[in-house]
Amino acid sequence: PNHTGHEGHGTPAAGDSAAAVSCTELKEAEPAAGEPVRNFELTAAKTVLTLDNGKRTEAWTFNETSPGPELRVKEGERVKVTLANRDIGKGVTIHWHGVILPCSQDGVAGVTQDAVWPGEQFTYEFIARHPGTYWYHSHQQSSEQAGKGLVGRLIVEPKQSDFDYDLDYAVTLQMLNDKLKLTNGRTDGLRLDAAPGESVRLRLINAYSEVQWIGVAGAEFRVISIDGQVLNGPGAIREQWIPIGGGQRYDVLFTMPASGQVKVYSKEHKAWNIRLGSGPIPEPLSKDAPQFDFTNYGTPLADGITNDMKFDRVYDLKLGILDINGKKFHEIPPLLVKEGEWIKIRFKHTFGGPHPMHLHGHLFKILTKNGKPLTGSPIYADSVLLFSGEEYEVAFQANNPGLWMEHCHNLGHAANGMTMMVNYE
Ligand code: C2O
Ligand code: CU
């Protein structure tokens, strides 16, 4: 590709390895096989938004809203999205965060495509193979463009219901222009309808860079998926905080109690509170409730990979102060993988704020946390959230050839150097 796009912080080492498979050599999109097609159009533009509190603010929007329209499709459908850029001067792209798709559709400016300049368009096309909660955002100068509003929700509904629920809501937690906390675009929190006895699947998407500590008051709940991938177990959870890192998604399931009120709320920010039902709002949980522990899940699923399996390659990535192994951007050698290999990555966070490490185009299996194997449900995710002092081992199968980014999804950190590539030999 001619690299006229630019990921805002020096294009990473995509082209540095001569042998790497480039996206444009790969098929543009999978050939149609009679699956239903869903067409969408998203126009990126500068807009003055009038918020629910009457205030006006400038934003960069998709179809004049931020977040952009919620795209809901069914598992197995072919998704075609035409992105047009009206007037975003530095160009835009759309990255389908968490979706496993061909590299050419991954939307990384300067790596998988050129940025879409004002007056231009680009059509993305992929099959929504994996049901779950995803989101989309511009991946041209992500930290600026996502921060100014170029984000939205993508929900892939399962063909066959994976859990039983009456209501399905998706919610974006967003920080617009570094100062406005929005819940699905609202400044004062969100109210959702749910009657006693109704079960609710709530899909929480953290489109902001900072970790959000989320609690649920008024009902027992269960986390049923992380990053769109179903968890098997455990039972109901009480009084535990769920830490949702930048870019991560957690789906929670609960039944509205007879009181008819449940509150899903952020530890720090009132604007990110979600009230379900009507009437008075239940008291929040105590501030010192224990942290959500995702090492303790129910029965493992059969998944063909065990903790002691042999890895073809092992990489150690030490997360420092906005660097990886003491290096930044293209100084960080790409992870070189061969198709079919199982790759293990050891992430070690030595010092500083949390890092949600995100991999494009693949799912990690989380193997260990601080040296201990995960005992419950396998956890597959497109990111792993590390707090200072923590160490995780994750594995993924190199089953999607191309050029893929691996970066911290605190987008400010990514823009300061915590950005590298995974390339196929
Ligand atoms: Cu939301 Cu490179 O990612
Ligand atoms: Cu980080």
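This is a predicted model: local features need pLDDT of at least 70, side-chain atom pairs count only at pLDDT 80 or more; totals for chains, interfaces and linings use all residues.
Residues are numbered from 1 along each chain as its sequence is written, while chains are lettered from A and ligands numbered from 1 in the order in which they are written.

- Two residues are in contact if their C-beta atoms, placed from the backbone, lie within 7 Å.
- Helices (H or I, at least four residues) and strands (E, at least two) are DSSP runs, numbered from the N terminus.

**Open sheet**

- 6 strands form an open sheet with mixed pairing, in the order β10-β9-β12-β17-β14-β15. Two strands pair if DSSP finds at least two bridges between them.
- β10 (180–183) and β15 (229–230) are the edge strands, each pairing on one side only.
- β9 (residues 167–176) and β10 run antiparallel, joined by 4 bridges.
- Leucine 176 stands opposite leucine 180 in β10.

**Strand β22 and its partners**

- β20 (residues 313–319) pairs with β22 (residues 342–349) in the parallel sense over 7 bridges.
- Aspartate 316 faces arginine 346 in β22.
- β22 also pairs with β28 (residues 391–397), in the antiparallel sense over 7 bridges.
- Phenylalanine 347 has tyrosine 392 in β28 as its bridge partner.

**Isoleucine 345**

- Isoleucine 345 lies in β22.
- Isoleucine 345 is buried because 23 other C-beta atoms lie within 10 Å. The cut-offs are 20 or more for buried, 12 or fewer for exposed, and partly exposed in between, with C-beta atoms placed from the backbone.
- Beyond neighbours within four places in sequence, isoleucine 345 is in contact with Tyr315, Leu317 and Val394.

**Nonpolar core**

- The largest nonpolar core has 107 residues; Leu204, Phe364, Ile366 and Val384 touch the most other members. Such a core is a set of buried Ala, Val, Leu, Ile, Met, Phe, Trp, Tyr and Cys residues joined through C-beta atoms within 7 Å.
- β9 gives this core its largest share, 5 residues.
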